[in-house]
Amino acid sequence: MLREITCSVYFCEKLPKAAPKNLENDGIVTLVNIRYHLRTYNLTVQNLRTRYEVMNTTPRFTAFVAGLLRPSLTSSDASQLGLTVLRVVAGLVMIHNGLDKLSDIPGFAEAYVKVIGLPFPIFFSYCAAYTELIAAPLLALGLFTRPAAAGLFGTMGVAMYHHILVAGFSIPYLELSMLYAACFWFFALNGAGLFSADNLLSKMLSSSLRESLVQEAISLEQSYKSLEKASK
């Protein structure tokens, strides 16, 4: 239907400026009258094209957000429940790390950030602390899981780098940060799972997107019918 509307408008635009006399004698509406009705109903070619383009571009952001929130895993409810437990536990146990950093920002900056050679150690200490303090509860709730998990994975990557600089590739130093990093990387790639706020939001956005597309299609169809009626 959308392509039909576009093609119809394109045909109107390509009509000659003056209709043949035999057509006028037969009572067919000339292009002048068509343009008059287009102006009367505010259905110019540019307006219809703009609405068509908006229909194609506006929902893309909604579809992108819905896809970002939609979990990639579609296994059984039992395995989804297990992943939910893993996500909630991983998020909850990370909260205290952010609180610990905030309780002694200068000490953390001196002992960790300066050691790995980052500039502005106080600033990056606050970044790490608030990333863990904000992203960890979001991960536990399954809300904006992918960006939250990606942020937590970044802090664990820096922690692993620090451990390697201080003690080399020592498993006792690396094991905890490696486990955290692997867990966060998993959720950054796959999303929160079925039992999450992200999945609920994704369904709501998808439903809203479908309704908006249907309403826009109906509106364009009505506009096309009005244009068709005005040209008769």
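This section describes the fold, confidence, core and selected residues of a predicted model.

Residues are numbered from 1 along each chain as its sequence is written, and side-chain values use heavy atoms, with hydrogens and water left out.

The chain contains 10 helices and zero strands, where helices (H or I, at least four residues) and strands (E, at least two) are DSSP runs numbered from the N terminus. The order of elements is accordingly α-α-α-α-α-α-α-α-α-α. Of the 232 residues, 31% are buried; this term denotes under 20% relative accessible area, with exposed meaning over 50% and partly exposed the range in between (1.4 Å probe, protein chains only). The accessible surface amounts to about 14,100 Å², and 66% of this area belongs to carbon and sulfur atoms. Such areas come from the Shrake-Rupley method with a 1.4 Å probe, and for residues only the protein chains shown count as cover. Among contacts (heavy atoms within 4.5 Å) between residues at least 6 apart in sequence, 75% join residues at least 24 apart.

The mean pLDDT, the predictor's confidence in each residue on a scale from 0 to 100, is 78 for the chain, and 72% of the residues score at least 70. Among the elements, α7 has the highest mean value (95), while helix α1 (residues 2-14) has the lowest (40). The pLDDT is below 50 over residues 1-32, a stretch with 29 contacts in the model beyond near neighbours in sequence. Residues 34-38 also have a pLDDT below 50, with eight contacts beyond near neighbours in sequence.

A nonpolar core is defined as a set of buried Ala, Val, Leu, Ile, Met, Phe, Trp, Tyr and Cys residues joined through side-chain atoms within 4.5 Å. The largest such core comprises 15 residues, of which M94, L139, L152, M156 and F184 touch the most other members. At least two residues of this core are supplied by each of α5 (77-103), α7 (121-141), α8 (145-167) and α9 (171-190), and the largest share, six residues, comes from α9. Leaving aside neighbours within four places in sequence, L152 is in contact with M94, T131, E132, A135, A136, L139 and F184.

Helix α5 holds both V93 and K101. V93 counts as partly exposed because its relative accessibility is 33%. Together with L81, V85, V89 and F195, V93 forms a nonpolar surface patch with about 410 Å² of accessible area. Patches are made of residues with over 30% relative accessible area and no salt bridge, like charges being joined within 9 Å and nonpolar side chains (Val, Leu, Ile, Met, Phe, Trp, Tyr) within 5 Å; a salt bridge is a side-chain nitrogen of Lys or Arg within 4 Å of a carboxyl oxygen of Asp or Glu. K101, by contrast, has a relative accessibility of 12% and therefore counts as buried. Not counting residues up to four places away in sequence, K101 touches F108, A128, A129 and E132.

Notes: This is a predicted model: local features need pLDDT of at least 70, side-chain atom pairs count only at pLDDT 80 or more; totals for chains, interfaces and linings use all residues.
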